[in-house]
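Subject: Structure for you to look at

Hi there,

Here is the structure I promised to pass on. Please open it alongside this note, and then read on for what turned up.

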Amino acid sequence: MEQQRLILFIALSLVLFLIWNAWQREFSPQPLTPLTQIMGKRASSPPPALTPSPDVPLAETAAVPAAGSPTFMPRNKIKLVKQGQRIQVETDVFRAEIDTVGGDLRVVDLKKYPVSIHKPDQPFRLMQDGPEELFIAQSGFTLRKNNKLVLNAAPNHTTLYQMVQSHYRLAEGENKVTAVLRWTSPKGVVFIKSYTFTRGSYLIKVGYTIKNPTAKDWVGNLYQQLQRTPIPKAEQPRFVHTYTGGVEYSPQEKYDKITFSDMREAKLNKQVTGGWTAMIQHYFLAAWIPPATTPETFYSRYKPNPDRYTLGMKADTPYRVKAGAEDHFSNRLFVGPKVQEMLEKVAPGLELTIDYGMLTILAKPIYFVLKFIHTHIIGNWGWAIIILTMMIKLTFYKLSEKSYKSMAQMRKLTPRIKLLKERYGDDKKKMGQAQMELFRKEKINPLGGCLPILVQMPVFISLYWVLLKTVELRQAPWIFWIKDMSTADPYYVLPLLMGISMFIQQRLNPAPMDPIQAKLMMVLPFAFTIFFAFFPAGLVIYWVVNNTLSILQQWYITRIVIKS
């Protein structure tokens, strides 16, 4: 029957989609793909003549011997960036380290987000400069004279600063703490770089004070960038693909991903005013946010052996400090979790880093309803998911009722359709004509059971992405053995219940006439059970509840409503 074929097609498509994502995540190397259409435009469109080139120095990395050379070192001995002395900073939300080389922000531990439920006292390390992984924030100045880059007249991310003190701690009763570094140019211009941390905030103010005692004006362009390596495969979430890479935002073109393959293929060079750049991963991000009125050139860089990717911005308008004067200016750096309400307050479009894709228009309201239920009704994310699923099922009750009525009517016709098949044998044309005539006489739409399901699919897919990408579900407990809804059920109880519920649903539906289709439909519950055994528990809770409600609704309609 046509509706059975459509249901089978939808189910198989979903399974193939999930399996493909898992396979890509587990076994596929990052390919050197051709340029995307967007990056192609960036690469082919030269900047205007007056646009400054993002001539940021790249000499911060220690020399890495090539594999096979006499001086080759194991990967775990390689320092991806030069290291100097460290400034330790601790607030209520951060444990951070700032290096005197470049004044870079090198290490960020998020104290309110443990690495796992089994290590509650070990904070999640978002930024680091270790031998295996690199994710750091850098900033500095470029200064040109006679169209040549001058490296010793202004500090960049290769400059060795002097620390004022080595430890800073946000004391009780204080709202802010500021870490300070100093550097003096050969001509006597003093640069003071500062990081200001605020209580309860993941937004860091990165400031520069320039004191120019010389007889000439000082002129230079400020830049800031994020540099990182890909997350090691062993640390990536299994069977659930989430994007890790660069993103940028501009008021004109809005949110845009700059993938690692894009950075390998071409250098980004784009003028933006009022935007930001960021490196994101599952649940967390770091983003440079310049003043909204400052024209910037967004740029990207790639360095191999090992692969390192840089995404940053450089001010198009030079900063000028007059002779004998002093000036101060700053940018903002966000380093923390993807909490939607928090990101909306930081910068326009920053909440889009919680990427729901094409279904954002549906996913955002679903998230806010889920958040409201958790905050004002139940206080537990697991029960909030269950209540939200029930609300969605209630909203689509009439559509589902129509679908189940159609299925029940089709089930009644199954014996008569079997007789038609015996009568016409392999003559598919006559068989089809006879079926359509039977449907016409009985006033049954063979697709009536499928169309309501198709209407509901975007909503449930949106809910899937909300549950997958909501950082509040990370390490959130439900009941009993479910201590973290962002990880798989350790005892596989929920996937087993999901498979059983799916099997019961199939028994309530009319069986396919085609024996091959019937066998495939029987295999689906087992395939889903195995596959969902690796899915986050929060997602499986949703599927179990949705299937259970569907079973109850279908039983009620087919046994009570239709018979009455």
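Let me start with Tyr491, which is found in the loop between α9 (451-469) and α10. Please keep in mind throughout that this is a predicted model.

Is Tyr491 buried or exposed? Tyr491 is exposed, and its relative accessible area is 60%. This tyrosine belongs to a nonpolar patch on the surface, together with Val493, Leu496, Leu497, Ile500, Phe503, Ile504 and Met522. Taken together, these residues have about 710 Å² of accessible area. The element that gives the most to the patch is helix α10 (residues 493-508), with six residues.

Now to the inside. The largest nonpolar core has 119 residues, and Leu105, Met127 and Val335 are those with the most contacts within it. Leaving aside residues up to four places away in sequence, Met127 touches Leu105, Arg106, Val107, Val108, Phe135, Ile136, Ala137, Leu226, Ala286 and Val335. Apart from this core lies another, made of nine residues, including Met410, Ile417, Leu420 and Phe439.

A search of the whole structure finds 17 salt bridges. In one of them, the side chains of Arg106 and Asp104 meet at 3.1 Å, N to O. Both of these residues are buried. Arg106 forms a salt bridge with Asp129 too, where the closest N and O atoms are 3.0 Å apart. Asp129 sits in strand β4 (residues 119-129) and Arg106 in strand β3 (residues 105-116), so this pair ties together parts that are 23 residues apart in sequence. Asp129, like Arg106, is buried.

Another salt bridge joins Glu351 and Lys364, with 3.9 Å between the closest N and O atoms. Here the pair ties together parts that are 13 residues apart in sequence, because Glu351 lies in the loop between α4 (340-346) and α5 (360-378) while Lys364 lies in helix α5. Glu351 counts as buried because its relative accessible area is 14%, under the 20% cut-off. Lys364, at 21%, is partly exposed. Elsewhere, salt bridges that share partners join Arg86, Glu97, Asp99, Asp104, Arg106 and Asp129 into one network.

Last, the rings. How many aromatic pairs does a search of the whole structure find? The search finds 26. Take Phe94 and Phe197: their ring centres are 5.9 Å apart and their planes are at 75°, so the pair is edge-to-face. The angle decides this, because planes over 60 degrees apart count as edge-to-face. Phe94 lies in strand β2 (residues 94-99) and Phe197 in strand β10 (residues 190-198), so the pair ties together parts that are 103 residues apart in sequence. Both phenylalanines are buried.

Trp183 and Phe191 make a tilted pair, at 5.7 Å centre to centre with 40° between the planes. These two are buried as well. Trp183 and Phe191 are also members of one aromatic cluster, which they form with Phe141, Tyr208, Trp218, Tyr319 and Phe329.

Happy to talk any of this over once you have had a look.

Best wishes

How values were computed
Residues are numbered from 1 along each chain as its sequence is written. This is a predicted model: local features need pLDDT of at least 70, side-chain atom pairs count only at pLDDT 80 or more; totals for chains, interfaces and linings use all residues. Side-chain values use heavy atoms; hydrogens and water are left out. A nonpolar core is a set of buried Ala, Val, Leu, Ile, Met, Phe, Trp, Tyr and Cys residues joined through side-chain atoms within 4.5 Å. Buried means under 20% relative accessible area, exposed over 50%, partly exposed in between (1.4 Å probe, protein chains only). Contact means heavy atoms within 4.5 Å. A salt bridge is a side-chain nitrogen of Lys or Arg within 4 Å of a carboxyl oxygen of Asp or Glu. Helices (H or I, at least four residues) and strands (E, at least two) are DSSP runs, numbered from the N terminus. Patches are made of residues with over 30% relative accessible area and no salt bridge: like charges are joined within 9 Å, nonpolar side chains (Val, Leu, Ile, Met, Phe, Trp, Tyr) within 5 Å. Accessible areas come from the Shrake-Rupley method with a 1.4 Å probe; for residues, only the protein chains shown count as cover. Rings of Phe, Tyr and Trp (its six-membered ring) pair if their centres lie within 6.5 Å; planes under 30 degrees apart count as stacked, over 60 as edge-to-face and the rest as tilted.
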